[in-house]
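Good morning, and thank you for joining this group meeting. I would ask you to look at the structure on the screen before I describe its parts.

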Amino acid sequence: MNARPDIPPSEQMREASAWQGGIPPRYPESSVEHAHVDLALNAWLGRMTGYVSPAALAAAWEDWAVHLLLSPAKQMELAMQAATSVEEWLRYCTAALLGNGEEPVRPLAQDKRFSDPPWHTWPYNQMSQGFLLTQMWWHRATSGVRGLSPHHRDVVTFLTRQLLDGLAPSNFIATNPVAQQATLASGGENLLHGALRAAGDLRRGLAGTAAVTFRPGRDVAVTPGKVVMANHLIELIRYDPQTPQVHAVPLLIVPAWIMKYYILDLSPENSLVRYMVEHGHTVYMVSWKNPDAEDRDLSLEDYRRLGVMAALDTVAAQTGAANINACGYCLGGTLLAIAAAAMARDHDRRLASMTLLAAQVDFTEPGELSLFIDDSQVAFLEAVMWQQGYLDTRQMAGAFQLLRSNDLIWSRRLRHYLLDIPDKDNDLASWNADATRMPYRMHSEYLRKLFLKNSLASARYIVDGHAVALTDIHIPIFAVGTMTDHVAPWHSVYKIVPLTDTDVTFLLTTGGHNAGVVSPPGTPRRSYQIASHAHDAPYVAPDTWQAANEHHEGSWWPAWETWLAARAGPLTAPPAPVESLGDAPGGYVLQP
């Protein structure tokens, strides 16, 4: 059993008092009076820097430059590599003029920028090869520097990759043969249309709006249901039964508040909610309020208490069920794990099972998102949130796009502005544009307690004055990781296996954080691996697990439904109707 340190009462009072004053509790009491000056300056600066801390970037570059300066052997290696690359490129250029040069560098499999045939003709082959050689050199320059901290190494490597991606010859019509051919073929109409699209994107960006073409209640979030409970933070939706009998144990789904809930109830053919209802489950869904400046002081504890716990109380009261299956997605899964650990500590046995979809409980290896999360960056974001009372996810969108800048920024601009290829309109893309906000205090606590301190995994996260431990959870767990997840890497999601003392069924599916979860039967090119780990079995490392388990073609949804049905009790008559506050999707999901 992990130790459970309690927060001293004096510390709890100081933290509460500091938050009530609008100042993060990390400020010394002697400095609180003047903290507004620091926060206002940093908030103003944030608008100039895209909400990225200049101090964090400067520290990373300085760490790299100083350690490179102290590494003459590394400098010599880089100088020799530069000379070799130039020589190799010049040799290739000469051979390419004669039509018999073999390209010295091949892009990575996922890099499609230079895959079209015109890129393999002169002079564009010389440009692309020169760029790829430069990219390789910079990768060597930012890695393998002795003494450089891993975090700063990753930041510098990431930043140089972004700078180089922006300068790639594929981004400019003067050096992109595919764009030139499209311009000649259309008589320049592609550039006119691209300019109009760019103006529209700029206008929407300045106005803080987005093109949401699939409307909740009309095109998406159309599974029939009723809002059966509402408080300041959530609306609780109960979906109408679509089978004569339903499982006795209801299912409560807790999505992340960084997204609107209908990621799990998109168009009918892509709706996980509809799939579960059609298979005889009584499904409840939490729909989070989109907070504004007046909600700045909502805490992570408020989200647990008014969100998960209030929903559980309502489900139990309305259905009369002694047990409830619960499912959490992304941050909703993290919050559900916190609630489950607190319930286990307090001998609350209402949970029958817990499913975590792309959700982390350990944040020591959170993937590329860690590039944007350190003490300096969090303090900078706190200043931005202090001024406006929340963090708009549009203010985070740039960070998420940079993680896949080739796909989400430069390749899109090439298609959208130069090649006259419009974006494909679909329910998932429209949902992604339907942004939300996160309250100042809650998001600060989330970043500091979970990301920076990793309090949940180390049994130091406090609920009601006492720490909770994941090892107290003894209900069966079903955890889903997605292969190409940049938000919750599957290796990190897998850590639920050693951190809990219960049976865990882990499933790894193809796709990313969203598309991997929204994977209905019939989705092409989908497969998954699945295996159960008994609580008393020896630990199996994630890569060993992946190598040992066979691949199954198709969607993972049926495998989860089968697992859940075995823990959902016998089939019985649907729960009696209750007083409704309105039809699904409710009002909170429609808040701009």
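Predicted model: local features only at pLDDT ≥ 70, side-chain atom pairs only at ≥ 80, totals over all residues.

In general, the strands of a sheet pair through backbone hydrogen bonds, in either a parallel or an antiparallel manner.

How many strands form the open sheet, and in what order? There are 10, with mixed pairing, in the order β1-β2-β5-β4-β6-β7-β12-β13-β14-β15. At the edges are β1 (225-230) and β15 (552-553), each of which pairs on one side only. Packed on this sheet is helix α20, residues 557-565. The helix touches β4, β6, β7, β12, β13 and β14, and its direction makes about 165° with that of β7.

I come next to the nonpolar cores. The largest has 120 residues, and within it Leu252 and Trp560 touch the most other members. Leaving aside residues up to four places away in sequence, leucine 252 touches, among others, Leu236, Tyr284, Val286, Ile324 and Cys327. A second, separate core consists of 14 residues, including Trp119, Tyr124, Leu133 and Leu414.

Finally, I turn to aspartate 392, in strand β8, residues 390-392. Is this aspartate 392 buried or exposed? Aspartate 392 counts as buried because its relative accessibility is 14%, and the cut-off for buried is under 20%. Not counting residues up to four places away in sequence, aspartate 392 touches Ala435, Thr436 and Arg437.

Notes: Residues numbered from 1 in each chain as written. Heavy atoms only, no water. Pairing = 2+ DSSP bridges. Helix = DSSP H or I, 4+ residues; strand = E, 2+ residues; numbered from the N terminus. Contact = heavy atoms within 4.5 Å. Axes fitted to C-alpha atoms, helices over the stretch in contact; angles between N-to-C directions. Core = buried A, V, L, I, M, F, W, Y, C linked by side-chain atoms within 4.5 Å. Buried < 20%, exposed > 50% of the residue type's maximum accessible area, 1.4 Å probe, protein only.
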